[in-house]
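Here's a quick briefing on a two-part model, with the cut-offs spelled out as we go. Have the viewer open and follow along.

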Amino acid sequence: MTKDETKQVVLDIIADIAPDEDISNLKPDVRLRDQMQLDSMDFLDIVMELRKRHNIEVPEADYPQLASLDSCAEYLTPKFTALGK
Amino acid sequence: MTTSTHYDVAIIGAGMAGLAAGIRLAHFGKKVCIFERHNAPGGLNSFYSIDGRKYDVGLHAMTNFVRAGVKGTPLTKLLRQLRIERDEFALCEQKRSRVAFGPRGEVSLTFTNDFTVFESEVARQFPAQIDGFRRLVALIRTYDDVSLGAQPESARAVIRRHVTDPLLEDMLFCPVMYYGSATEHDMEFGQFVIMFKALFLEGFARPLDGVRVIIRTLLDKYRAAGGERRMKCGVQKIVVRDGHASALILDNGEEVTATHVISTAGAPETERLCRSDRRSDGREVRPAAGPARDHPTGELSYTETITVLDREPSALGWGDDTIVFFNDSEKFTYARSEAQVDTRSGVICIPNNFDFGPEAHLPEGLFRCTCLASYDQWVNLPEDDYQAAKIRWYGEIQKSAQRFLPPLPSADALVRATRATDMFTPRTITKFTGRLGGAIYGSPQKVRDGRTAVDNLYLAGTDQGFLGIIGAMLSGISMANFHILAGGK
């Protein structure tokens with residue numbers, strides 16, 4: 001999986017958990033929290049949906065790695081690769 | 001019993017909190033079952049039918065209403081967390097509501113879902129108080145009311161730092177207390193903030209078809225996520241061994257086990273379930289160490305009259321009021337009623353006065369009145385006396401409430417327009433919800449983190465301390481997240 005594909009996975013999840021947000025113009029290098037109204041409950045949901053849909057585990061200590069789309073891609077892409085995706 | 005069913009999570013109660021928790025847990029793959037003693041879901045916000053007419057139990061108005069695009073409020077959070085589209089709740093906004101104080105409601109503060117209306121009313125009626133009021137509102141807006149570890153503080157004390165006119169103080173407390181306070185005379189400030197935001201900074205709405213629209217939406221989500229539900233199947237006992245809930249005994253004697261248990265039955269009610277005084281086979285079990293924190297039963301109960309009319313209430317000259325919070329006395333007393341019913345203050349709800357749009361309207365007129373009532377003086381009445389008391393107080397409550405509405409065109413206009421009536425009492429509440437003492441708002445002592453002395457048993461719903469229908473759902477969500485999903489347990 002490429003980093004762009006990983007970003008799309010995260011965007012798909014955000015689109016489902018926060019359908020009231022406009023995600024068409026998100027800047028990949030800016031914190032998601034600064035571009036949308038996402039609280040800790042929403043971040044928990046991103047983690048939970050990654051586990052449910054893709055079998056990806058994100059330990060709590062690593063939650064800061066999900067701050068922006070770029071950091072998500074950096075952190076998650078090796079995990080997808082390790083699963084053979 | 002040789003085999004027993006095991007669940008990841010067992011939830012006691014199919015009310016708003018139980019259903020919301022169930023949706024979260026089932027969505028994320030937990031094997032969940034909700035056990036409900038009653039035949040209808042909804043808990044304290046259920047519904048029933050008499051003579052083919054549908055009635056809502058608790059719902060006057062759903063609080064916490066915000067319009068599409070307003071983010072970060074309880075309603076928005078719960079829609080996201082439960083993957084519900086706004087349109088599924090089909091919410092229609094209130095027209096206007098009032099707080100009316102004085103023997104005939106001489107001092108009146110109108111409010112709508114636009115907070116500036118309320119603010120300008122306060123400025124008009126209490127010009128010397130408006131600066132303090134604005135400071136109070138600023139404090140409320142920034143207060144972290146969902147913190148699970150906030151220090152308790154008297155709301156009266158906080159409000160008096162900003163509002164010095166006792167009449168305005170009571171007029172702020174009356175609606176907030178009637179829509180959710182389990183404590184007499186005063187509230188914990190965090191609870192006041194939750195309710196003030198829910199009523200005034202956010203607002204009132206309801207679906208045309210009432211609470212069953214909300215319940216149906218939750219049931220559909222829960223079923224689609226794979227959750228199980230067993231109705232007319234209460235939990236009669238939580239078996240506690242070494243501080244751990246090891247099994248649940250159902251009303252039919254069946255035993256089930258669960259890794260986690262979420263109880264929405266209430267704090268004292270859950271403590272009672274953990275004690276060993278009842279078991280279906282009659283065997284006495286060694287008393288278990290129940291939850292150590294003893295929670296007092298709530299002292300506050302209510303009665304409500306419902307009058308079904310053959311016309312819109314506005315056709316009686318009653319105007320557009322959706323909700324009227326009233327009080328006739330110099331001091332507003334929110335306390336356990338000394339009489340069977342305390343008719344000095346109460347709440348009027350006219351469900352027809354939501355803005356359902358030009359085409360839609362309720363099939364009949366409805367006029368509902370709520371007053372504080374004494375559980376003790378209702379619960380043990382012989383049947384004949386109980387029925388007689390209902391008739392007597394129905395009349396007294398109607399008479400009291402009408403003082404705060406425009407006068408009727410003729411003395412018998414209401415009676416002539418009445419098609420049916422119903423009334424529920426503290427006794428009805430306990431019978432159908434299992435709440436001890438008829439205490440709709442539960443124990444005065446809330447458990448914000450939902451923990452009990454039993455390590456895998458958590459409280460959600462009213463006694464966790466998020467109030468109202470939306471609060472109850474958020475409570476179920478928060479407890480499921482915090483205790484079960486977040487830890488990946």
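**Strand pairing in chain B**

B:Ile323 has B:Cys349, in strand 15 of chain B, as its bridge partner. This is a predicted model, so local features need pLDDT of at least 70 and side-chain atom pairs count only at pLDDT 80 or more, while totals for chains, interfaces and linings use all residues. Residues are numbered from 1 along each chain as its sequence is written, with chains lettered from A and ligands numbered from 1 in the order in which they are written.

- Strand 14 (residues 321–327) and strand 15 of chain B run antiparallel, joined by five bridges; strands are DSSP runs of E with at least two residues, helices are runs of H or I with at least four, and both are numbered from the N terminus.
- Strands count as paired when DSSP finds at least two bridges between them.
- On to the next strand: five bridges also link strand 15 of chain B to strand 16 (residues 365–373) of chain B, again antiparallel.
- In strand 16 of chain B, B:Arg368 sits opposite B:Cys349.

- Skipping neighbours within four places in sequence, the contacts of B:Ile348 include B:Ile323, B:Phe326, B:Cys369 and B:Phe404 (contact means C-beta atoms, placed from the backbone, within 7 Å).

**Where the chains meet**

- Eleven residues of chain B are in contact with ten residues of chain A.
- On the chain B side, helix 2 (74–81) and helix 15 (468–485) are the elements that give two or more residues.
- Helix 2 of chain B gives the most, with four residues.

**Chain A**

- Chain A has four helices and zero strands.
- The radius of gyration of chain A is 12 Å, close to the 12 Å from the globule rule for 85 residues, so chain A is as compact as a globular protein of that length (taken over C-alpha atoms; the rule is 2.2 Å times the number of residues to the power 0.38).
- Of the 85 residues of chain A, 27% count as buried.

How values were computed. Two residues are in contact if their C-beta atoms, placed from the backbone, lie within 7 Å. A residue is buried if 20 or more other C-beta atoms lie within 10 Å of its own, exposed if 12 or fewer, and partly exposed in between; C-beta atoms are placed from the backbone.
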